[in-house]
Amino acid sequence: MTALNLDPFYLIVENSDWLARLLPLGVRLAQLRVKDRPEPELRGEIARARDLCRAAGAQLIVNDYWRLAIDAGCDFVHLGQEDLDTADIDALRRHGVRFGVSTHDDAELDRALSLAPDYVALGPVWPTLLKTMKFAPQGLDRLGLWKRRIGDIPLVAIGGLTSARACLALAAGADSACVVTDVLRARDPESRTIEWLMATAPWRDKPELTRPFAPDHSGARVFPSPNHGPRAKPISALILHYTGMPTGESALELLCSPIAEVSAHYFVEENGRVLQLVPEERRAWHAGASFWAGETDMNSASIGIEIVHAGHIDPRPFPEPQIAAVAALSRDICARRNIPPQRVLAHSDIAPRRKIDPGEFFPWETLARCGVGRWLAPAPPDDGPALEPGAGGPDVAQLQRRLADFGYKMVETGVYDEDTAATVAAFQRHFRPARVDGRADASTLDILTRLLAV
């Protein structure tokens, strides 16, 4: 038989009527899972599903009923562990019928591999609503482990998947992501099917964007996101972000979803684990509309690190293992890419009106002690006179000129406008975090002057 290439979107349906509805939308891989029906009805369902899939150019997989699949001239079946007790594997091979096998633990995987299956399914990856499982959720790490063990045999992820989670499963090592409830129980199954097709499109149509690659940082685990493109500029900056989402998994879903169209080169979890989502030589989509020192395409000119943290909705300290990992990663990147300390920046530095991450509670001083970025001890905030919104004249013009010299996008107008206040606040978040108010007090002016002099 030829090598098997499963579509990344694997739809399981309860009857052939679903196939009539959803195959025209572009579904190319479907399993017919019919339960507790009289044999004549089963034969009719299998025959109709076979004809519908052939007409649509889709691959049909028949669940459980391997004898009926052979009789109907089908070419693929799915077998659970209980099915292996009675299935005639030699008969399947004589009739040219491929088969996939469900697995849940190491013993079941060993048993499946001894039969040389055409794919291996692992589940449940997440908690599932379809049925009560005797196995706990396997998680993304188990998917990666399973894929390393089975090598070229396709791996199917099943259990609790949504279209966003499908992207995570595929990035973790699965070749196909299986869905039942998220589509069949959706209010609009057709729209949800289209969503799945869009989410899995890069793994189907642009494999060059999704294939694994060698990590640039020795401490990183590769977790490919499809969201990247060619660079237009040499790498000259490092940009630090927080994810700003309630959980790390929700942030990772966003960074790996082609629908969201955002990404970063690295993703640092709270325990210090580092994932590399995009090769450094490629342009990740983390900076957005931004500017620094004359550069308007910061995505092309920078490497982006996303740090798992809820952000300003919960401004707690960053965990020590996470910051240690960020420091080691940043130090390595800066050394390899010749990025100077003054080009280690916050997202808020390059987009002051749009962004406030990684926040005034990010430990820039700790990173500087590790050799990353710049830090001078600022004087405490000053309660005396300050340049502030509404002010104007030569002192404001001088402040704007100094902020522009530092690298910020700042027009010298002599008027302390909203852009000026937002830029001062961004500067304070990074270099005078004790008070972020957008007012250029004596402390803020002093640290700006000293940093410009370095």
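Student: Which residue is the bridge partner of Ala121 in β7?
Tutor: This model is predicted. Strand β6 covers residues 119–122, and strand β7 covers residues 155–157. In β7, Ala121 is bridged to Val156.

Student: In what sense do β6 and β7 pair, and over how many bridges?
Tutor: Take the sense before the count. The strands β6 and β7 run in the parallel sense. Their pairing extends over three bridges.

Student: Which strands does helix α6 touch as it packs on the sheet, and what angle does its direction make with that of β5?
Tutor: Helix α6 spans residues 106–114. The strands it touches are β5 (98–103) and β6. Its direction and that of β5 make an angle of about 170°.

Student: Across which strands does helix α2 lie, and at what angle does it run to β3?
Tutor: Helix α2 takes in residues 39–56. It lies across β2 (29–32) and β3 (59–63). To β3, the helix runs at about 160°.

Student: In what order do the eight strands close into a barrel, and what is the average twist from one strand to the next?
Tutor: The barrel order is β1-β2-β3-β4-β5-β6-β7-β8, with parallel pairing. From one strand to the next, the twist averages 25°.

Student: Where does Asp36 lie, and what is its phi?
Tutor: Asp36 sits in the loop between β2 and α2. Most residues other than glycine have a negative phi. Asp36 is not a glycine, yet its phi is positive, at about 55°.

Student: Is the peptide bond from Gly123 to Pro124 cis or trans, and what is its omega?
Tutor: Pro124 belongs to the loop between β6 and α7. Most peptide bonds are trans. The bond from Gly123 to Pro124 is cis, with omega near -10°.

Student: Which residue does a cis peptide bond join to Asp357?
Tutor: Look at the loop between α15 (347–350) and α16 (364–369), where Pro358 lies. Omega of the cis bond is about 5°. The residue joined to Asp357 is Pro358.

Student: How many residues line the second largest pocket, and what is its volume?
Tutor: The lining holds 24 residues. Among them, Lys147, Gly173, Ala174, Asp175 and Pro212 lie nearest the centre of the pocket. The volume is about 680 Å³.

Student: Which elements give two or more residues to the lining of the second largest pocket?
Tutor: By class, this lining has 14 nonpolar, four polar and six charged residues. The elements that give two or more are α7 (139–150), α8 (163–172) and β9 (220–222).

Student: In the open sheet of six strands, which strands stand at the edges?
Tutor: The order is β9-β13-β12-β15-β11-β16, and the pairing is mixed. Each edge strand has a single partner, so one side of it is left without a neighbour in the sheet. The edge strands are β9 and β16.

Student: Which residue in β13 stands opposite Arg221?
Tutor: Strand β13 covers residues 274–276. It pairs with β9 in the parallel sense over three bridges. Opposite Arg221 stands Leu275.

Student: Which strands does helix α12 touch, and what angle does its direction make with that of β12?
Tutor: Helix α12 (residues 248–256) packs on the sheet. It touches β12 (266–268), β13 and β15 (302–307). With the direction of β12, its own direction makes about 175°.

Student: How many cavities of 30 Å³ or more does the structure hold, and what is the volume of the largest cavity?
Tutor: Rolling a probe the size of a water molecule over the atoms shows where empty space is left. The structure holds one cavity of 30 Å³ or more. The largest cavity has a volume of about 50 Å³.

Student: Which elements each supply at least two residues of the lining of the largest cavity?
Tutor: Residues lining this cavity include Trp292, Arg374 and Phe431. By class, the lining divides into seven nonpolar, two polar and two charged residues. The elements that each supply at least two are β16 (344–346) and α18 (418–431).

Student: How are α18 and α19 set to each other?
Tutor: Helix α19 covers residues 442–453. The axes of α18 and α19 come within 11 Å and cross at roughly 75°. The two helices are therefore roughly perpendicular.

Student: Which residues of α19 make the contact with α18?
Tutor: From α18, the contact uses Val424, Phe427, Gln428 and Phe431. By class, the contact has six nonpolar, two polar and no charged residues. The α19 residues are Thr444, Ile447, Leu448 and Leu451.

How values were computed: Residues are numbered from 1 along each chain as its sequence is written. This is a predicted model: local features need pLDDT of at least 70, side-chain atom pairs count only at pLDDT 80 or more; totals for chains, interfaces and linings use all residues. Side-chain values use heavy atoms; hydrogens and water are left out. On a 1 Å grid over the protein atoms alone, a cavity is a set of points where a 1.4 Å probe fits but cannot get out, and a pocket is an open set with protein on both sides within 12 Å along at least five of seven lines; lining residues have an atom within 4 Å of a point. Grid points are joined across faces, edges and corners, and a volume is the space filled by probe spheres set on the points. Helices (H or I, at least four residues) and strands (E, at least two) are DSSP runs, numbered from the N terminus. Ala, Val, Leu, Ile, Met, Phe, Trp, Tyr, Cys and Pro count as nonpolar, Asp, Glu, Lys and Arg as charged, and the others, Gly among them, as polar. Two strands pair if DSSP finds at least two bridges between them. Axes are lines fitted to C-alpha atoms, for helices over the stretch in contact, and angles run from 0 to 180 degrees between N-to-C directions. Contact means heavy atoms within 4.5 Å. Angles under 35 degrees count as roughly parallel, over 145 as roughly antiparallel, 65 to 115 as roughly perpendicular and the rest as oblique.
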